[in-house]
Amino acid sequence: MKKIISLLLSAVMLVSSLFAFSFSAQAATIKNVPVHKVGDKFTITLKIKKTPSTTASGWKKEYYNSSSWKQAYYAKFKPTADGLYEFAVKGEDFYGQGGYQALIVDEKDEVVSYAYAIGEDSFNIDLVGNLKKGKTYYYLVRYFADFKRTVKLNITLKKHKHSMIDVTKQYPDADYLIDYGIDSEEPVWICKIQGCGFDTRRIYYSRYYIDLARKSYTYDGKEKKPKVQFFDMRQKAFSPEEWGIDDINLKVKYENNINVGKAKAEIRTQGLWQTLTFKINPQGTELKKLSAIRGGFKAKWKKQPVKTSGYQLQYSRYKSFKKAKKITVKGNKKLSKQVKKLSRHKKYYVRVRTYKTVDGKKYYSKWSKAKTVKTK
């Protein structure tokens, strides 16, 4: 139980990492899916047809990949009365990275309710939705793991009734009570069903995540402070005030946000702590002249003396710069480059940009406007 409550209280922190993907359930376009009613008990089988990458980056790509929802189980449900409905699940536990994700979406493909379960609690993926009479809803559930596997889930669709506990009494010394600003002398009642999310203090709000309005800037010697934006689970922006959240307590601390390189924004809200990064890139340059030579060309560009380690030249036979090749010119004082061993009497598109090396990583400016040259 403690693991379940811990998952509940940490829901926002994990969900905030999902900014890289959208569900794109497209449930409203799914035809011939099973139709269920209250009291139904059914068993579904979920398969991972191929073994995902075992690397951390590969596994995360699979977890965040919206196309994986195409392999999910879909079902339709139309309530006969307003109220809370629960898809209660009994599944299979396993060892390794992975778990389950479940959604309830409406006819417009808007997420009504969302739940996940990972690791040791991966078999517990109950999901609750506050649904309206006569409207059509879709239930989706998918399984993901770091190995090839087939699992079965036994699901019961029923009316939901809150099963409340006071977390301050059950876990008075837990660190996460302090993290969420919960006063142990004030009761905080919470439904222990993992996919419900009801609590008396709106700890989870509506399961939002955050991102920065801008991820990159051009250096100009001034501080950069990108605005913090709030998004729901469909990646739609919203303001906390729209959701009636007047105690979100947003605080942002920026670091390394003047010079070229990676800048940080440490963000804290009531229930979510996160550090996001953005880039400050060097100022660009422009091509001054392109001269044709036998089987090549010579390029000259303007000097960029500010926060620049060198230049990068790019050329291609195509205006779109497909199959392009790049040449790096070290040092910001070298302002020309000959490119040889090209096809004779052919037209080439050329452009240039600056770069600045910071802590071993190159940060690039925008490309200059392209010019053309025909080789001799």
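A residue is called buried when its relative accessible area is under 20%, exposed when over 50%, and partly exposed in between, using a 1.4 Å probe and protein chains only. The structure above is a predicted model in which local features need pLDDT of at least 70 and side-chain atom pairs count only at pLDDT 80 or more, while totals for chains, interfaces and linings use all residues. Residues are numbered from 1 along each chain as its sequence is written, and side-chain values use heavy atoms, with hydrogens and water left out.

The predictor's confidence in each residue, pLDDT, runs from 0 to 100. Its mean over the chain is 77, and 67% of the residues reach 70 or more. Over residues 1-29 the pLDDT stays under 50, and the model has 98 contacts for them beyond four places in sequence; a contact means heavy atoms within 4.5 Å. Residues 201-206 also have pLDDT below 50, with 25 contacts beyond near neighbours in sequence.

A nonpolar core is a set of buried Ala, Val, Leu, Ile, Met, Phe, Trp, Tyr and Cys residues joined through side-chain atoms within 4.5 Å. The largest one has 24 residues, and Leu46 and Tyr139 touch the most other members. Among the strands that each supply at least two residues of this core are strand 2 (41-48) and strand 8 (137-145). Strands (E, at least two residues) and helices (H or I, at least four) are DSSP runs, numbered from the N terminus. A second, separate core of 16 residues includes Leu290, Tyr311, Leu313 and Val339.

Elsewhere, three strands form an open antiparallel sheet in the order 12-14-15. Two strands pair if DSSP finds at least two bridges between them. Strand 12 (209-212) and strand 15 (237-238) are the edges, each pairing on one side only. Strand 12 is joined to strand 14 (residues 228-231) by four bridges, and Ile210 stands opposite Phe230 in strand 14.

Thr375 lies in the segment after strand 26 (371-374). Thr375 counts as buried because its relative accessible area is 2%. Ala292 is 83 residues away from Thr375 in sequence, yet their C-alpha atoms are 5.0 Å apart. A polar contact is a pair of N or O atoms within 3.5 Å; within protein, one must be able to donate a hydrogen and the other to accept it, and residues adjacent in sequence count only if both atoms are side-chain atoms. The side chain of Thr375 has a polar atom 2.6 Å from the backbone oxygen of Ser343, and this side chain reaches the backbone nitrogen of His345 at 2.9 Å.
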